[in-house]
Structures are given as C-alpha cells and as structure tokens.
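Subject: Structure handover

Hello,

Here is the structure I promised you. Please open it next to this email; my notes follow below it.

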Amino acid sequence: MKVFKKRGEITRFQILAEIARGDPHLRQKDIADKLGITIQAVSENIKSLSDEGLVETGRGHSRYKITKRGIEKVKKEALNLRKYADQVLDTMNTYKSVWPALARDDLQAGEMVWLKMEDGTLYAGKEKSPAHAEVLHDARKGEDVALSSLGGTIELEPGSVVIVKLPPINQGGSKKTDLDKVRKIYGEYEMDFDRVGIMGTVSRSVVDKVGIRPDFEFATPQATVAASRRGLNVLVFAVGKMTRSISRKLDEEAIKYVIEDVSIS
C-alpha cells in the first residue's frame, strides 16, 4: 500500500496538517522547527501548496489558511496513513512474545517442552520434535499453557481444499445437484476432510439433504485459508460464481485446490 507515492509528499502533508490547526500567528520558522526541516523548504512547499489551491496566504489576520480542497486532501491522506499503520500493527502483533498451546503432559514453569501441530491445534509436551519452547506457568495435561522463547521449526504441511461447485437457483439449485456425487466426494475422496464450509443458500440446502454438518458458513474464504494454513483439509460448497471468489483467494495464498462440478446436465 503506497501512502505517499512521491518523494516529499509526507512533508507537504505535515505542513498542511500544521496549517490546518488554524494558528493565526503561525510562522514558517515554527513549522520548520517542528518538522526538523529548513525554512526554505517550508517556504517552497507553501508556495507549491498555494499554487495548487490547497493553501491561501496573506488574507485576514491569519498568515496561512487551509482551503476546503486542502482539508479534503489532509483527511484522505490521514485515513490512508491510518490504514497503513493498522496493517503494520497487525503484522507486528504476529511476532508474539507469548504463545498459547494445549498441554500434552503436566508441565512446570521454566520447563523446556516440544511443540507439534495436530488437527490445527498447537500442542506442547515432553515428546521431542523439531520445535521447542519454555513454559511460563504450571499447567496440567489438557489445559492451555503459556509459552515463550519459541525455537526450531513446527512441522506443518498446508492442507488442501476441494471446492464443490453447485448450480445457482436460477439453474435449479439443489434440485439440479447430483447428490450421489456429493456423497461420494465427501465419503470416498482421496483425502479426509477436517473442516466443511458453505457459501450461499443453495449450499445450505445441499448439505442438509446429504446430512453433512458444516463447520463455517460466514467469511468462508478467509476461514478456509486459515484452516488450510494450519494443515487442515477443507471441503467447500460454493454456488455458481461464488466459486471464483474463493478460488481467487486460494490462488493469492498459494493453497492447492481442485473444483468438482456436481451440476446435473
């Protein structure tokens, strides 16, 4: 995400923001001192901002005044900056100093334990593995345990996804779906499915008819990606063009998938 596309735009934004405060006694030196730039740089930028109609100079009691157009520009760039900052914070939050896991054994604070991901859940125990961590607090078997000082590599093979493409309602919906093929995919496919997701009302009707209980039906593309990243195989029912939205998401995340069309010709 490009917040400021050209060199010097951050300085222009800061100068506009200072002028927007509405201080009638604001001087170029004040702006220069606050931003840590030269007075000449402030002067040149103000002239440029004035030429673009973002700032008015020398009118009334104020030395500088931001225009309506300038206000809109500051708002827009401030919102973009906030979005960018939120993205950075989200990224930084992934670098946790404390991680949760489920205890495979009774564990004691300060003990070195070994980590393993199974069925999408991180477990900590005394059986050796390529990843390890330190226990922060005592925990009994089956309890959640806080870990720190993670090291090594958690062995995790990303899961795969099978998308079952269903006909939309204007093409018959569930009445034009090969339910026997759906049952065969669910029960006899080359992989076991750890999670099932659905997209659309026709999907709900189909899984109800064949007796499959879905695990998620909202934000299905995102949930599918999250599950696959944790090593789970996912079966997704999608209606018509919804297939494109989830396949596009999987392509972006480089997750393997196949599409099975179960429409009756």
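First, a term. Helices here are DSSP runs of H or I with at least four residues, and they are numbered from the N terminus. By that count, Ala 219 sits in the loop between helix H6 (201-210) and helix H7 (220-229). Keep in mind that this is a predicted model.

**Overall picture**

The chain has 8 helices and 11 strands. Its radius of gyration is 29 Å, whereas a compact globule of 265 residues would come out near 18 Å. The C-alpha trace spans about 80 × 60 × 25 Å along its principal axes.

Buried residues account for 36% of the 265 residues. The chain exposes about 16,800 Å², and carbon and sulfur atoms supply 48% of that area. Take the contacts between residues at least 6 apart in sequence: 61% of them join residues at least 24 apart.

On charges, the chain has 44 positive and 39 negative ones. Their mean positions lie 9 Å apart.

Strand S9 covers residues 195-199. Is it enclosed or open? Of its 5 residues, 4 are buried, so S9 is largely enclosed by the rest of the structure. The cut-off for buried is under 20% relative accessible area.

S9 pairs with strand S10 (residues 234-239). The sense is parallel, over 5 bridges.

**Two backbone angles**

Most residues other than glycine have a negative phi. Two residues are worth a look on that score. Ser 149 is not a glycine, yet its phi is positive, about 55°. Ser 149 belongs to strand S7 (residues 144-152). Ala 219, the loop residue between H6 and H7, also has a positive phi, near 50°.

**Arg 69**

Arg 69 is part of helix H4 (residues 68-93). Is Arg 69 buried or exposed? Its relative accessibility is 55%, so Arg 69 counts as exposed; the cut-off is over 50%.

Which residues does Arg 69 touch, leaving aside neighbours within four places in sequence? They are Glu 52, Gly 53 and Leu 54. Arg 69 and Glu 52 are 17 residues apart in sequence. From C-alpha to C-alpha, they are 9.3 Å apart in space.

Best wishes

Conventions:
Residues are numbered from 1 along each chain as its sequence is written. This is a predicted model: local features need pLDDT of at least 70, side-chain atom pairs count only at pLDDT 80 or more; totals for chains, interfaces and linings use all residues. Side-chain values use heavy atoms; hydrogens and water are left out. Helices (H or I, at least four residues) and strands (E, at least two) are DSSP runs, numbered from the N terminus. The radius of gyration is taken over C-alpha atoms; the globule rule is 2.2 Å times the number of residues to the power 0.38. Buried means under 20% relative accessible area, exposed over 50%, partly exposed in between (1.4 Å probe, protein chains only). Contact means heavy atoms within 4.5 Å. Accessible areas come from the Shrake-Rupley method with a 1.4 Å probe; for residues, only the protein chains shown count as cover. Lys and Arg count as positive and Asp and Glu as negative; His and the chain ends are not counted. The place of a charge is taken as NZ of Lys, CZ of Arg, CG of Asp or CD of Glu. Two strands pair if DSSP finds at least two bridges between them.
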